Amino acid sequence: MANPMTTAPAIEMKGVWFSYDKSPILENVTFTLKQGDFLGMIGPNGGGKTTLLMLLLGILKPDRGTIRVLGEAPHQARRRVGYVPQNTDFNNTFPISVMDVALMGRLAGSRMGKRFSPRDRPMAEEALRKVGMWDRRNAPIGKLSGGQRQRVLIARALVTEPEILFLDEPTAKVDPEFESNIYDFLKELNRQATILTITHDVGVISRYVKSVACVNRTLIYHEEAEITHEMIDMAYACPVDLVAHGIPHRVLSHHGKE
Amino acid sequence: MWEVLQYDFMRNALLAGLLVSISCGIIGSLVVVNRIVFISGGIAHAAFGGVGLGFFCGFSPFLGAAIFASGVSLIMGAVSLKSKHRADTIIGVLWAIGMAIGIILIDLTPGYHVDLMSYLFGSILAVPTADLWLMLPLDGVILLVVILFYKEFVALSYDEQFAFVVGIPVKTLYMVMLGMTALSIVMIIRVVGLILVIALLTIPPFIAEKYTRSLGQMMVLASVLGACFTISGLWLSYAFDLTSGATIILVAGVGFFFFQVMDFIKSKGKSSGANRQ
């Protein structure tokens with residue numbers, strides 16, 4: 001296919017700066033992610049991971065620098081991306097069923113002012129079955145546990161049929177058994193779509209992702225599923241955690257500074 | 001009680017109450033789930049500036065209120081989208097300035113003693129037939145817009161960020177919602193006055209939210225509840241010769257506490273049942 005849209009990098013950031021008020025959150029972020037990649041994004045809390053995601057989604061605008069998602073400006077690419085938020089405890093009294101939340105994902109493919117098409121419901125059903133929430137399809141979303149709600153939000157993102165899927169700590173609340181489930185089908189989805197996930201779980205990095213980026217004011221990208229010494233040097237607070245969690249050694253690279 | 005319907009003013013009052021309940025149920029639901037109650041209060045009070053302008057320039061005070069409410073809703077919408085952290089302060093300032101402008105303009109209107117009470121507390125018993133013909137199409141427009149863009153309004157109300165990501169023009173939709181809110185508020189001012197607008201706008205949807213499973217059901221139930229409150233309040237005010245707007249709100253207030261207590265008893269029954277097991 002000669003279409004530049006499909007051959008463009010999944011993400012291209014050049015000299016991106018962002019600040020809330022006057023305090024800088026991100027400084028001079030530059031990196032390129034090729035399509036088909038599975039990126040695990042790590043970094044300390046408050047290091048700017050979620051902000052970076054908001055910039056890629058077009059919800060926030062950078063102070064300086066350029067961002068391209070699938071070759072387009074973020075707000076133009078938004079119908080082609082999927083998104084799973086970190087916080088699942090919003091609007092829990094809102095009257096909406098699990099099925100209707102999943103259907104929201106189909107808005108990406110539908111026209112304003114039109115009803116959902118007959119194809120939309122089977123797609124929502126398939127996604128809800130994948131995350132094991134089809135049996136609860138008629139339940140009000142607020143009655144679910146945090147972990148169940150997170151599964152529904154993952155289903156909603158899958159229903160958008162994204163070319164690139166952003167996840168902000170998608171398994172922070174789900175039980176460990178289901179967590180590996182989620183990553184198994186993310187791996188499957190990765191055959192068609194680029195995936196970027198924020199995670200604190202180094203186990204995920206060692207088993208599923210293809211490349212790693214560490215975000216703390218700026219971004220270091222490593223094209224393999226390894227946490228480099230450079231990332232740790234960047235005031236990354238987690239080396240202690242790494243040891244404490246007893247992660248496999250191969251997660252840490254043996255070669256020194258590049 | 002039916003003999004009161006032989007009076008034109010009573011028939012008009014009933015129809016006005018029903019028409020207002022419909023827009024109240026629909027717009028009130030959006031106001032509650034989108035947490036724009038404070039903005040709505042601001043719009044209602046700032047609209048008083050328009051009432052004063054109407055008197056001063058010699059045109060309909062309700063036309064003035066509609067102009068002011070729409071203008072203020074656009075400013076408040078822009079402010080709440082731009083500077084989220086200080087939006088409530090700016091809304092509060094506009095709220096007060098609008099009212100002050102109204103009072104000053106009425107002061108400056110020569111030789112005219114305005115019955116302020118009817119704007120502050122409503123005058124449902126004095127709704128002319130011409131006003132009903134303004135309310136009807138307004139209800140129609142609100143219904144049409146909400147039916148047409150129902151799934152978009154659901155997405156915006158439940159999860160604004162996700163709505164943006166799937167390509168919905170959330171800012172435009174938000175401004176449309178505020179515009180419709182402003183026009184409904186002017187309608188509600190006719191019935192219960194600008195001080196009591198918030199109660200009629202929020203109490204029915206607040207009760208309805210707990211007993212419904214979708215935004216659409218919530219809107220319908222809120223409209224029905226609003227109609228019950230308005231009609232029974234109207235009848236009580238007639239029977240006991242009370243201010244109609246305040247009576248309607250008190251009836252709604254009694255409904256509010258009734259359902260809160262019911263809820264409390266229900267949840268208590270549930271938890272004590274669980275303890276026994």
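**Exercise 1.** Find which residues B:Ala47 touches, not counting residues up to four places away in sequence.

*Solution.* Start from the contact rule, by which two residues touch if their C-beta atoms, placed from the backbone, lie within 7 Å. By this rule B:Ala47 touches B:Ala65, B:Phe68, B:Ala69, B:Gly98, B:Ile185, B:Val186, B:Ile189 and B:Leu194, with residues up to four places away in sequence left out. This is a predicted model, in which local features need pLDDT of at least 70 and side-chain atom pairs count only at pLDDT 80 or more, while totals for chains, interfaces and linings use all residues. Residues are numbered from 1 along each chain as its sequence is written, and chains are lettered from A and ligands numbered from 1 in the order in which they are written.

**Exercise 2.** Work out the order of the strands in the open sheet of chain A, and which strands stand at its edges.

*Solution.* Helices (H or I, at least four residues) and strands (E, at least two) are DSSP runs, numbered from the N terminus, and two strands pair if DSSP finds at least two bridges between them. The 6 strands follow the order S5-S6-S7-S3-S8-S9, with mixed pairing. Strand S5 (81–84) and strand S9 (218–222) of chain A each have a single partner strand, so one side of each is left without a neighbour in the sheet. Within the sheet, S3 (residues 38–42) and S8 (residues 211–216) of chain A run parallel and are joined by 4 bridges, and A:Leu39 has A:Ser211 as its bridge partner in S8(A).

**Exercise 3.** Decide how many residues of helix H2 (residues 49–57) of chain A are buried, and name them.

*Solution.* Of the 9 residues in H2(A), 7 are buried, and these are A:Lys49, A:Thr50, A:Leu52, A:Leu53, A:Leu55, A:Leu56 and A:Leu57. After H2(A) comes A:Gly58, whose phi is positive, near 85°.

Conventions
Buried ≥ 20, exposed ≤ 12 C-beta atoms within 10 Å, placed from the backbone.
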